[in-house]
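Let's work through a few exercises together, each with a solution that goes step by step. Have the model open beside you as you read.

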Amino acid sequence: MAAQPPNKKPAGRAGMKKELPEKFRSYKHVWVFVELERGKVHPVSWELMGEGRKLADKLGVDLAGVVLGPKSDETRQAIKETYHYGADVCYICEDPALADYRNEPYTRALTDLVNTHQPEIMLLGATTLGRDLAGSVATTLKTGLTADSTELDVDDEKSLAATRPTFGGTLLCTIHTLNFRPQMATVRPRVMAMPEPDRSRSGRMVWHSLKMDEADIVTKVLEYVADATTDDANLAYADIVVAGGMGLRVPENFRLVTRLADVLGGEYGCSRPVVQKGWLPADRQIGQTGNTIRPRLYIAAGISGAIQHRVGVEGADLIVAINTDPAAKIFEFAHMGVVADALTVLPALADAFERRLG
Ligand code: FAD
């Protein structure tokens, strides 16, 4: 592990040189796990496909998607799209036992595929499902896994360099899996850019059968119950996000944030202390331990701009900060800054946009 301040290029791995054991030398190609849940592919899979394409091109190997699911139109559609987003080959396991996510059959399918076809790199989304699966696959295969990576690259010796924040986000570390294969990493949604699909692309299919009886799987899905504690916030994929921080002082003032978000047709969010105080639910938190966002417009009101918040919003096209303190850290990375009281500026903006947008 090589620690370094944020925004610096990953350090080399001098002094860590080791020969890859003979049994791992045949491992080749880059794989992306395509997360298909209840018939829908999680967009993080396509973001990873874009990143995987870059790694595969650098290594001069194939990019593969891995699609696990029941035999259905949705699974077939996911396979097609895997090529559109850059895969040369798709590894497919269709089985009724893979209809709803359960750790055991998914881990079995993925580890069997890895042992048979031997990829050198495998990427998964750091979603609830991806985190659960990545951990059990890595421990079953006895290999290394870098969770919540924010940058992926291959070094001169063709080793995956997975960078992630450490020590509360004050440092970045670059992690290599030198002696085991595959080299695994998870990446949170919206950390990587979404590639443009090329609908003319197609590729090879490799079928795999799940060697597992339903009777051997201890977990049974009896019923699907949607999570009623969240309000289906789609913060990570919103084009416009308005967020408030502790500068808003009392929970009632968050009405100003939600109103502006409504007027602009966007989503609202907040900094971590707002969630810790119980003013807004956890799925509204933006930052290192919350959502990563990549909107076209991000308006941050009464937010200081701590590094843990910054890493979650840096991908926004336009950041507008409203803060009474001209020395606030947020002005170091905002594209536009308003040194003023958010309690005055937020309603003024909402009124002005309301008049303009009708
Ligand atoms: P404050 O730091 O209290 O800042 C309030 C700001 O409001 C100040 O800049 C002040 O000048 C301004 N202000 C005051 N009154 C007004 C007004 N009337 N109008 C306009 N501006 C005003 N934080 C996150 O946000 N997301 C995370 O995911 C996250 N993860 C973390 C993980 C770890 C391991 C740790 C240690 C911390 C994490 N944090 C995270 C917390 C982070 O370090 C900061 O403490 C937090 O972001 C500060 O929130 P804030 O800016 O709302 O509050």
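Helices (H or I, at least four residues) and strands (E, at least two) are DSSP runs, numbered from the N terminus. This is a predicted model, in which local features need pLDDT of at least 70 and side-chain atom pairs count only at pLDDT 80 or more, while totals for chains, interfaces and linings use all residues. Residues are numbered from 1 along each chain as its sequence is written, and side-chain values use heavy atoms, with hydrogens and water left out.

**Exercise 1. Describe the overall build of the protein chain.**

Step 1: Count the elements. The protein chain has eight helices and 18 strands.

Step 2: Compare its size with a rule. The radius of gyration is taken over C-alpha atoms, and the globule rule is 2.2 Å times the number of residues to the power 0.38. Because the chain has 358 residues, a compact globule would come near 21 Å, and the chain's 22 Å agrees. Along the principal axes, the C-alpha atoms fill a box of roughly 65 × 50 × 40 Å.

Step 3: Turn to burial and surface. Of the 358 residues, 50% count as buried. The accessible surface is about 17,100 Å², with 51% of it belonging to carbon and sulfur atoms; such areas come from the Shrake-Rupley method with a 1.4 Å probe, and for residues only the protein chains shown count as cover.

Step 4: See how contacts span the sequence. Among contacts between residues at least 6 apart, 68% join residues at least 24 apart.

**Exercise 2. Which residues line the largest cavity?**

Step 1: On a 1 Å grid over the protein atoms alone, a cavity is a set of points where a 1.4 Å probe fits but cannot get out, and lining residues have an atom within 4 Å of a point. Grid points are joined across faces, edges and corners, and a volume is the space filled by probe spheres set on the points.

Step 2: Count and size. There is one cavity of 30 Å³ or more, and the largest cavity has a volume of about 40 Å³.

Step 3: Name the lining. It consists of Thr146, Leu160, Ala162, Ile175, His176, Thr177, Gln183 and Met184. The elements that give two or more residues to this lining are β10 (160-166) and β12 (183-187).

Step 4: Sort by class. Ala, Val, Leu, Ile, Met, Phe, Trp, Tyr, Cys and Pro count as nonpolar, Asp, Glu, Lys and Arg as charged, and the others, Gly among them, as polar. The lining has four nonpolar, four polar and no charged residues.

**Exercise 3. Is Gly144 buried or exposed?**

Step 1: Find Gly144 in the loop between α4 (128-141) and β8 (145-149).

Step 2: Apply the cut-off. Gly144 has a relative accessible area of 19%, so it is buried.

Step 3: List its contacts. Leaving out residues up to four places away in sequence, Gly144 touches Thr177, Pro182, Gln183 and Met184.

Step 4: Inspect Pro182. This residue lies in the loop between β11 (171-175) and β12, and a cis peptide bond with omega about -5° joins Arg181 to Pro182.

Notes:
1 Å grid on protein atoms, 1.4 Å probe; cavity = no way out; pocket = protein on both sides within 12 Å on 5 of 7 lines; lining within 4 Å. Buried < 20%, exposed > 50% of the residue type's maximum accessible area, 1.4 Å probe, protein only. Contact = heavy atoms within 4.5 Å.
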